[in-house]
Amino acid sequence: MDSTGAADCRVTFQPIGKRIVVKAGTSLLDAGRAVGLSISANCGGVGICGKCRVKVVSGKTSPPSRIEQAFLETENFGPNERLACEARVASSVVVELPPEFDANAQRLLVAGVADELICDPNVESHQIALTAPSLQDSRSHYMRVADALNAGVGSRDWTIQPAAAVQFSRIVQQSGWKLTAFSRGSELIGFSGPGSRAVGLAVDVGCTKIAAYLLDLQTGKQLASQGITNPQIPYGEDLITRLVFVARDNGQTELMANLVRDAINKLAANLCFQAKISTEEIAELCIVGNTAMTHLLLGLPVEQLLNAPFVSSIDRDIDMRASELALKSAPGANVHILPGIGGFIGADHVAMILAHGIDRSEKVTIGIDIGTNTEIVLHNSRTDAIVSTSVPSGPAFEGGHVRDGIRAASGAIEKAFFVDQVLEVRTIDNCAPLGICGSGIVDLLAELWRLNYIDERGHLLQRDQLVRSGKHGLEFLVVAAAQSGHGRDIVLTQHDITEIQLAKAAIHAGIVTLLEITNTGAAEVEEMVVAGAFGSYLDLRNSVAIGLLPYLPHASYLQIGNAAGTGARMALVSNTCRERARMIARKVTKVELKKHENFNRLLARATRFPAPRNKVPTL
Amino acid sequence: MPSLDAIKDALAELNEDLALQLVKDALAAKTPAFDILQACQDGMTEVGRRFESQDYFVSDLMMSGEIFKQIGALLEPELKASGSRTVGKIVFGTVKGDIHDIGKDIVVNMLKSSNFEVIDLGVDVSPERFVSSLKESGATVLGMSGLLTLAFDSMKSTVQALQAAGLREHVKVMIGGGPVDGSVCAFVGADEWGADAQHAVRLAKNWLVPSSL
């Protein structure tokens with residue numbers, strides 16, 4: 001409480017993940033502006049334009065004002081939708097920003113490094129020319145197709161579901177009995193106009209983003225791709241919170257499943273629009289995700305994932321009809337979900353191993369995908385041991401738990417370096433800086449370490465005026481208020497540094513533990529592969545300089561982009577790849593770090609910054 | 001022969017290699033294990049003091065705990081041979097369904113360094129195991145740790161199990177972990193909650209060392 005008696009309320013803006021504490025009575029628009037969000041308000045926030053529509057997901061706000069009431073009625077506002085300029089906070093609230101806000105906001109990595117895809121899909125397409133029924137030829141629609149296919153590709157006991165027959169009728173009316181039939185095995189799964197190609201959709205469902213790729217199933221050619229923010233974020237930024245949300249109230253299973261299914265449908269519609277085809281032509285889907293995400297997508301029980309020993313409900317691969325998940329596609333389309341390895345090591349990890357061929361590489365290889373949970377795989381090609389683990393590295397590298405941390409969006413500091421004692425920063429889209437994202441945090445820490453602003457234990461040293469006393473201890477001034485996009489200083493606090501130390505230590509200790517378990521020396525490792533969005537924008541030398549990644553003297557360090565997405569694409573178009581994914585899931589040994597008594601010691605040591613301070617080897 | 005002050009300082013400065021070497025040298029020079037332990041405890045007290053004054057941070061507590069654990073392993077044979085001098089027994093563990101142990105280890109090490117005998121049951125400890133350990137050891141303080149919100153249910157069932165076993169009146173219960181606060185303490189039915197390791201040590205002292213009041 002301050003002297004005016006107004007209580008402190010925390011406002012959280014999702015999906016961007018920005019938080020601020022304001023006094024009760026502050027408008028959502030002002031709260032948003034205070035954290036540097038550019039919520040559109042053409043009228044300047046006086047309740048005229050109606051542009052600043054947001055959704056209040058939880059918490060209390062003032063009742064709609066008279067001005068607002070008019071908008072609510074005429075502009076078709078959904079439940080809990082408000083004008084940010086009029087709604088005032090009355091308790092801590094979570095606000096969901098509209099999708100337009102997100103469209104340009106967050107940088108979502110979609111691209112992955114992919115070799116030529118090998119195509120042996122489980123869908124065939126057939127060009128067939130039929131004749132219309134007549135008194136002389138009264139065969140059913142089905143018989144016409146079956147006979148034509150028997151003559152073309154050989155005799156099968158063709159099956160068909162009613163929805164495909166409905167589609168058939170509509171298409172022959174439009175195309176005059178010439179059409180394309182899609183089959184999987186002996187099932188007729190869908191039809192399209194003549195000359196159509198079979199396309200498939202590969203999807204990587206991440207905690208933060210969902211990436212989708214539309215591919216030609218016969219050639220593997222990518223027709224379009226797009227990434228969007230995972231719409232589940234307002235219900236929990238990290239996966240544990242989201243799982244708890246579902247576990248506490250079983251009715252939410254459907255809500256969470258529908259959110260991600262709708263998002264996939266939206267992506268499918270956008271990609272098909274770009275490729276000038278109908279979503280009904282999607283003949284096959286392949287989905288990967290971490291264990292939590294696939295459980296939520298499929299509506300699987302999650303309670304057992306939240307309690308030790310954290311077991312998944314299903315970890316083998318799944319084939320089911322897309323229609324059962326209400327996914328837009330050809331009537332009989334199949335969804336393939338890659339297998340997981342167990343616990344939190346899910347299908348996206350298998351996809352990463354598949355994508356880079358880590359399982360059959362002749363080199364001793366470490367693969368890592370850094371996120372709130374970081375999955376690590378080590379393949380020792382000499383002993384043929386292959387082990388994986390998952391470490392809870394926390395949200396620090398996604399900007400969480402860091403005072404001025406933000407996700408990789410416009411205005412985020414993504415690079416930082418000193419030039420002659422002056423700190424230079426580069427932001428995404430070259431906007432005035434609003435905060436620091438993961439890659440910027442790693443750069444900053446490496447520079448602070450190199451230039452003696454922190455000691456080996458990560459303690460800030462009062463070397464010059466850039467290090468000062470803040471509200472909660474020492475802090476390093478990154479950007480002064482005059483240069484920032486929101487008129488406030490951007491700082492890295494001692495507390496932030498501790499958070500980042502714990503995160504980088506978890507990853508480092510996880511890697512070292514896998515080396516120890518497999519009796520692999522650091523010098524034996526030949527390849528260190530870093531996947532994922534954060535991993536792709538990361539400065540590798542700086543990551544080694546701060547000890548996020550260990551220094552491996554004979555390894556080449558590679559950034560391979562969204563490898564999970566690449567693995568999903570490979571498995572989409574190839575049964576051989578699906579078989580390999582199954583083999584990977586069987587072959588990889590899951591390592592429980594907690595069972596290794598050395599782990600906590602390695603973890604404590606890895607919070608330190610590695611010597612020598614200013615000599616980072618060339619990788 | 002290394003001075004006990006040097007051991008204390010090495011620990012307070014979190015100098016792992018030096019601290020371990022000095023302890024080994026001291027043992028070789030026949031310094032009594034209790035004196036070495038006392039020096040280490042003083043070092044840990046200094047670490048705790050620096051944490052409270054915000055000169056040290058969580059990562060430093062982790063490091064100090066790991067050094068202390070290793071020194072403890074070096075001293076244990078000697079200490080065992082000459083009998084125990086602890087000031088009270090505490091059963092400690094991370095509750096069922098949770099396996100977070102970093103915070104728990106920090107607290108356990110801090111308690112040990114304050115001369116308490118701590119029976120560390122590890123992680124994912126069921127109410128039954130807590131109860132049987134309390135019965136066997138006769139400990140009068142129970143510490144439960146948990147980071148997941150679902151861990152609160154386990155803490156509550158453990159307190160209920162204590163009641164059912166007729167132990168509740170004789171055992172003081174403290175809880176801790178990331179999201180734990182006063183309302184969680186009330187929900188669980190614990191006596192007290194602690195925000196950090198120093199807090200836990202103060203609670204234990206209040207309960208077990210009357211003179212410290």
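**View 1. An open sheet of 6 strands in chain A.** In this predicted model, 6 strands of chain A form an open sheet. Their order is S26-S25-S16-S17-S18-S27. The pairing is mixed. Strand S26 (556–559) and strand S27 (589–590) of chain A stand at the edges. Each has a single partner strand, so one side of each is left without a neighbour in the sheet.

**View 2. Strands S16 and S25 of chain A, side by side.** Strand S16 covers residues 365–369 of chain A, and strand S25 covers residues 527–531 of chain A. The two pair in the parallel sense. Their pairing runs over 5 bridges.

**View 3. The contact between chain A and chain B.** Chain B brings 20 residues to the contact, and chain A brings 17 residues. On the side of chain B that touches chain A, the elements that give two or more residues are helix H4 (58–81) and helix H5 (102–113) of chain B. The largest share of this side, 6 residues, comes from H4(B). By residue type, the side of chain B that touches chain A divides into 10 nonpolar, 4 polar and 6 charged residues.

**View 4. The fold of chain B, element by element.** Chain B holds 9 helices and 5 strands. Follow the chain from the N terminus on, and the elements run α-α-α-α-β-α-β-α-β-α-β-α-β-α. Residues 24 or more positions apart account for 73% of the contacts in chain B with a separation of 6 or more.

**View 5. Overall dimensions of chain B.** The C-alpha atoms of chain B fill a box of roughly 55 × 35 × 30 Å, taken along the principal axes. The radius of gyration of chain B is 17 Å. A compact globule with 213 residues would have a value near 17 Å, so chain B agrees with that expectation. Of the 213 residues of chain B, 49% count as buried.

Key. Residues are numbered from 1 along each chain as its sequence is written. Chains are lettered from A and ligands numbered from 1 in the order in which they are written. This is a predicted model: local features need pLDDT of at least 70, side-chain atom pairs count only at pLDDT 80 or more; totals for chains, interfaces and linings use all residues. Two strands pair if DSSP finds at least two bridges between them. Helices (H or I, at least four residues) and strands (E, at least two) are DSSP runs, numbered from the N terminus. Two residues are in contact if their C-beta atoms, placed from the backbone, lie within 7 Å. Ala, Val, Leu, Ile, Met, Phe, Trp, Tyr, Cys and Pro count as nonpolar, Asp, Glu, Lys and Arg as charged, and the others, Gly among them, as polar. The radius of gyration is taken over C-alpha atoms; the globule rule is 2.2 Å times the number of residues to the power 0.38. A residue is buried if 20 or more other C-beta atoms lie within 10 Å of its own, exposed if 12 or fewer, and partly exposed in between; C-beta atoms are placed from the backbone.
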